[in-house]
Amino acid sequence: MLGFVLAACQPHDVEETVEVRLAVKLPKVEGQQLSVSNCQVSAKELNMGSITTLAVEELGDTIALSLKRGYYDLELRATVCLANDTMQLRGYRKGLAVAAQTTDSIVCTLSGGNAGWVIAEVFFAGTQTPEGKNYIGDKYVVLYNNSNDTLDANGLVLIESKLKNTSKYTLTPDFRNKHIGADALYRIPLDKPYRIAPGKRILLVDNAMNHTEANTNSFDLSTADWEWYDQSTNPKITDVDNPDVPNLEKIYCYTLTIWGPNNQGNTSFAIGRLPDTLDINQYLTQYKLDYDYVNVTSAGTFNMSATTYLFPNEWVLDAVNLCPSDTYQWLVVDLSLDAGYTYVAATGSDKTRFGKSVRRKTSVTIDQRRVLQDTNNSTDDFLTAQTADPFYFN
């Protein structure tokens, strides 16, 4: 004989919630107070898959949440306003068991509004010897991981523009609103991962050698991360290859000898990536452009033709316009990439430019990691005429 015991049933939907108190561990931002808004916590119950979103009216040292019993992944999101930037606050707590009143913690990190790869410093002018003679081979570009994530740098392309910000032309077609016209493209090879931690830099140099041995006003670049190397067609003008420093992959360069960034500082630089589906030969075939321009000079007006390789704006990660402060004519990249320009001297022939670089400003320092200012306006984002230092961002 079977017996049944009937028990009163409680609706599942009115299950009591319990309090979860989380100690919030915020990143340390030197010299600034965090102004936090739009804070909320998303709680995903891992057994049922249900997601509850809870607003946090005020983010303090501790926040209190009401959750049903269960097993949760928690994600905190908020917007943080700083002096020069708007950043995103994120916090995660994985696998939190909630059975009764619970006390735990959540660790938060900050990432920039334009987090990712940026150009941190450009040294294009070169140096002079103590005797006042121009010295070549010690130019460099510093790239920087401005995010709070480890990023893979393989495939990053360094670009110098063909057009100059000091020479304004009527272009047919005018490609600047959709593309950068490139005169030089060098790439970090794709053959293996090249992982860079948050707040770390990549030093790209012309010649990876100790230049101080020949010029005490220069630098020891023998420990650079990468160098660009050119096979010259002129036996009187040859490049130097350091076998201990890997070479960038040369996609294209206008010169048949050796490339050095324009030392008057009147071009633009960018970094970007080719699509995974596009190899170099396809790129050189599909993105070559013959264009016309009108050159107005004191000797007359001339109809000219030229060739460039287009690098679409949607492939660009960061761009920096360079132009001597007294000779600006126009911007050779679209305003969406860079709405201003930066410089080291008043004119391209100004001898004070030697030994000087342009360097991106530090917006904030978070847990000893620099977050560089990136508003897509180099006039605001860069310090002008800085004493060049390839190891400043070490």
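Guide: The discussion below turns to salt bridges, then to a sheet, and finally to one asparagine. Please bear in mind that this is a predicted model.

Visitor: How many salt bridges does a search of the whole structure find?

Guide: Side chains of opposite charge can pair when their charged atoms come close. In this model, the search finds 12 salt bridges. One of them is formed by D318 and R360, whose closest N and O atoms are 2.8 Å apart. This pair links distant parts of the chain, with D318 in strand 23 (residues 316-321) and R360 in strand 24 (residues 356-360), 42 residues apart.

Visitor: Are D318 and R360 buried or exposed?

Guide: Both D318 and R360 are buried. For R360 the relative accessible area is 2%, and the cut-off for a buried residue is under 20%.

Visitor: Which parts of the chain does the salt bridge between D374 and R360 tie together?

Guide: D374 forms a salt bridge with R360, and the closest N and O atoms are 3.6 Å apart. Because D374 lies in the loop between strand 26 (369-372) and helix 2 (378-381) while R360 belongs to strand 24, the pair ties together parts that are 14 residues apart in sequence. D374 is buried as well, at a relative accessible area of 6%.

Visitor: What is the N to O distance in the salt bridge of D381 and R360?

Guide: The distance is 3.8 Å. D381 and R360 are both buried. Through shared partners, salt bridges join D318, R360, D374 and D381 into one network.

Visitor: What is the strand order in the open sheet of six strands?

Guide: Strands of a sheet pair through backbone hydrogen bonds, either parallel or antiparallel. Here the order is 18-17-11-8-24-27, with mixed pairing. Strand 18 (226-227) and strand 27 (382-387) are the edge strands, each pairing on one side only. Strand 24 and strand 27 run antiparallel and are joined by four bridges. Within this part of the sheet, R360 stands opposite F382 in strand 27.

Visitor: Where is N145 placed, and is N145 buried or exposed?

Guide: N145 is in strand 11 (residues 140-145). Its relative accessibility is 0%, so N145 counts as buried. Leaving aside neighbours within four places in sequence, N145 has contacts that include W117, L151, I196 and K200.

Key
Residues numbered from 1 in each chain as written. Predicted model: local features only at pLDDT ≥ 70, side-chain atom pairs only at ≥ 80, totals over all residues. Heavy atoms only, no water. Salt bridge = Lys/Arg side-chain N within 4 Å of Asp/Glu carboxyl O. Helix = DSSP H or I, 4+ residues; strand = E, 2+ residues; numbered from the N terminus. Buried < 20%, exposed > 50% of the residue type's maximum accessible area, 1.4 Å probe, protein only. Contact = heavy atoms within 4.5 Å. Pairing = 2+ DSSP bridges.
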